[in-house]
Amino acid sequence: SKRRIQIALDGPAGSGKSTVARRVAKALGCDYIDTGAMYRAIALKFIETGLFQKLDAAASSLTPALEAEIDHLLDTSQLELFTEKVILDGRDVSEAIRTQEVTRRVSQVAAMSPVRRHLVKMQRGQAQGRSVVMDGRDIGTVVLPETPYKFFLTASLEERARRRFLEFEAKGFEADFETILKDIEHRDKVDSSREDSPLVMAADAVRIDTTGKTIDQVVTAICEAVEALKMSAVKTDSVDK
Ligand code: CDP
Ligand code: CDP
């Protein structure tokens, strides 16, 4: 019988998660779920509804009134995720969620517990009963803690910044390497130090340093590790019986 495979891929910005996740999903016949896109869409919503002005006025502390407003925004937001696009309240925001403004704000939004509660619930619902590759920051630790298929991608800060710089250049955007590096460094720090579901490697995850590795090499390493883990799961099953 064909078993359901759920793969958790976590790591810092620019470690190659989304590129590698798409490829692994295709190779193994799984759906790809980009959880970062969900946090970005909510950040966009917060920007567009002026929530940040109110947050800044409250010195970023979540008063009960603000918390209620955030819950209301989340409950009334319609977020749809497809492999190639993100739809927010009926609008295609696939491009809008990648702007520098959203990138600068997203970690602040992702640190808010009401936001995480809401999105983690959605993500578990999406994964339910399906074969998926999910990438993010807390997939192995919080969203899919039961899956045996967990990977944590890393790369040096310089390499991650260089990758993002090259991406901007390829798109014909103007980009400054130092600014990109500082932004990534800041986001990693906020993501790793927040109280709710910080970016940490799950104890049972396979760590892959992608510095100096090609995308192909990383994809192959993950597919092989999944195969090996599958075999050991089968062996454990037969021992159990
Ligand atoms: O692709 P990139 O590394 O730039 O970021 P992303 O995966 O699109 O995620 C954007 C931000 O969302 C991260 O910096 C985190 O603050 C947040 N995030 C999170 O907290 N938990 C996740 N599972 C996914 C993203
Ligand atoms: O999702 P995350 O922020 O972790 O990374 P990404 O959006 O997949 O961006 C990684 C960038 O580095 C992409 O432009 C890839 O083509 C490139 N890259 C990679 O992902 N993995 C390597 N081993 C080498 C380059």
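Predicted model: local features only at pLDDT ≥ 70, side-chain atom pairs only at ≥ 80, totals over all residues.
**Entry 1: helix H1**

Residues are numbered from 1 along each chain as its sequence is written, chains are lettered from A and ligands numbered from 1 in the order in which they are written, and side-chain values use heavy atoms, with hydrogens and water left out.

I then listed the buried residues of H1, namely Lys17, Val20, Ala21, Val24 and Ala25. Seen down the helix axis, these buried residues fall within an arc of 135 degrees, so they line one face of H1; the arc is taken over the directions from the axis to the C-beta atoms. Helices here are DSSP runs of H or I with at least four residues, numbered from the N terminus.

I checked the span of H1: its 12 residues reach 16 Å from first C-alpha to last, close to the expected 16 Å (1.5 Å times one less than the number of residues). Just after H1, I found Gly29 with a positive phi of about 70 degrees.

**Entry 2: ligand 2**

I counted 15 residues around ligand 2, each with a heavy atom within 4 Å of the molecule. The closest are Lys17, Thr19, Arg164, Glu167 and Lys213. Helices H1 (17–28), H8 (157–170) and H10 (215–240) each supply at least two residues of this shell.

For polar contacts (N or O pairs within 3.5 Å), I recorded oxygen atoms of ligand 2 at 2.6 Å from a polar side-chain atom of Glu167, at 2.7 Å from one of Arg164, and at 2.8 Å from a polar backbone atom of Gly14. The protein covers 83% of the 540 Å² of accessible area that ligand 2 has on its own (Shrake-Rupley method, 1.4 Å probe).

**Entry 3: ligand 1**

I looked up the 20 residues around ligand 1; Arg40, Arg116, Asp138, Arg187 and Asp191 come nearest. An oxygen atom of ligand 1 is 2.7 Å from a side-chain N or O atom of Arg40, and a nitrogen atom is 3.0 Å from one of Thr35. The protein covers 97% of the 530 Å² of accessible area that ligand 1 has on its own. H2 gives the most to this shell, with four residues.

Key:
Polar contact = N/O pair within 3.5 Å; in protein donor to acceptor, adjacent residues only side chain to side chain. Buried < 20%, exposed > 50% of the residue type's maximum accessible area, 1.4 Å probe, protein only.
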